Amino acid sequence: MEYVGRVPAPPLDRFIDDIYCLTGLPHHRLMNVPPMPSAHLFLHLGGPVRLWDSDRPVSPAVFTDGWFMGVWTRRFLFEYPTRVRLVGVHFKPWGMSPFVDMPAAELHNRWVPVDAVWQRSVDRIRNRVGDVVASAAETLRVLEEELRSRLAEAPARGLDLVQHTGGRLETSHGSIPVGALADAAGVSGNHLANLYKTHVGVTPKRMARIYRFARLIVSVDALRPVDWSELAQTAGYFDHAHFSREFKDFTGHTPTEYLALLRRSPAGRRGPQDIGPMPAD
């Protein structure tokens, strides 16, 4: 598949890591997606998409247009259609808050249809970029305009503090103790946790765990020998048993099994969409 993405212009870049188009034939139809430090908006212009919650024995969710999803703290399964034409937004963990009029906790570990949050947006975007010959650059321009129109004029209470402390968690890969974050911000740990639940959907302690895991996953090079002990220590895992349990919880696989999956088609891991997800078919 072809990935075309970019960081949006200010002020959107305060809340969004990138916007992108993903088109073409998938390398694998079914993907196993571990927790990652981001929230998402997906608009699919090429047919229905199915998703499963790995921890709940329920029927898959089917989306024909698009969906919002908050921060996930467990893995889920994603099935690509036969041909992909997807437009996406990678929000920072706190970044969806000023674009949607609902608590982040209601999007935590959930998918919600776009029209349930942004009424009529899908039709408007589809009408402007629905032609199969629309360029990726034009599609991203239309998406950025929609995002700019949806951005709240004033930040909600506490969002600036969450953004500041979240930025520190991001740059430290989750290694800063949450107590130190709260002390530096001049607030109690409980107050900071409540702000995170409002704007992120999860506590800062949980976000630190996800950042630590993301650092580990990004550092895995399937084309080279992997020293899991060294990677785990670099990412902040100093208890091997804890590392093994968390890795299995987040991916559904042992590190050895995960590496074997990546090595099936390492050449296909070329874009941000390939960081973390692994084949499940």
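Visitor: What is the relative accessible area of His 173?

Guide: His 173 has a relative accessible area of 33%, which makes the residue partly exposed; buried means under 20%, exposed over 50% and partly exposed in between, with a 1.4 Å probe and protein chains only. This is a predicted model, in which local features need pLDDT of at least 70 and side-chain atom pairs count only at pLDDT 80 or more, while totals for chains, interfaces and linings use all residues. Residues are numbered from 1 along each chain as its sequence is written, and side-chain values use heavy atoms, with hydrogens and water left out.

Visitor: Where does His 173 lie, and what is its phi?

Guide: His 173 belongs to the loop between H4 and H5, and its phi is positive, about 60 degrees, although the residue is not a glycine. Most residues other than glycine have a negative phi. Helices (H or I, at least four residues) and strands (E, at least two) are DSSP runs, numbered from the N terminus.

Visitor: And Asn 109, buried or exposed?

Guide: Asn 109 is buried, at a relative accessible area of 9%.

Visitor: Which peptide bond is cis?

Guide: The bond from Pro 10 to Pro 11 is cis, with omega near 0 degrees, and Pro 11 sits in the loop that runs between strand S1 (2-6) and strand S2 (16-24).

Visitor: Back to the helices: at what angle do H4 and H5 pack?

Guide: Helix H4 (residues 159-171) packs on helix H5 (residues 178-185) at an angle of about 140 degrees, and their axes are 11 Å apart. H4 is therefore oblique to H5, given that angles under 35 degrees count as roughly parallel, over 145 as roughly antiparallel, 65 to 115 as roughly perpendicular and the rest as oblique. The axes are lines fitted to C-alpha atoms, for helices over the stretch in contact, and angles run from 0 to 180 degrees between N-to-C directions.

Visitor: Which residues of H4 meet H5?

Guide: On the H4 side they are Leu 161, Thr 165, Arg 168 and Leu 169, which meet Leu 181, Ala 184 and Ala 185 in H5, where contact means heavy atoms within 4.5 Å.

Visitor: Now the strands: what is the order in the five-stranded sheet?

Guide: The sheet is open, with the order S6-S5-S8-S3-S11 and antiparallel pairing; two strands pair if DSSP finds at least two bridges between them. Strand S6 (61-63) and strand S11 (278-279) stand at the edges with a single partner strand each, so one side of each has no neighbour in the sheet.
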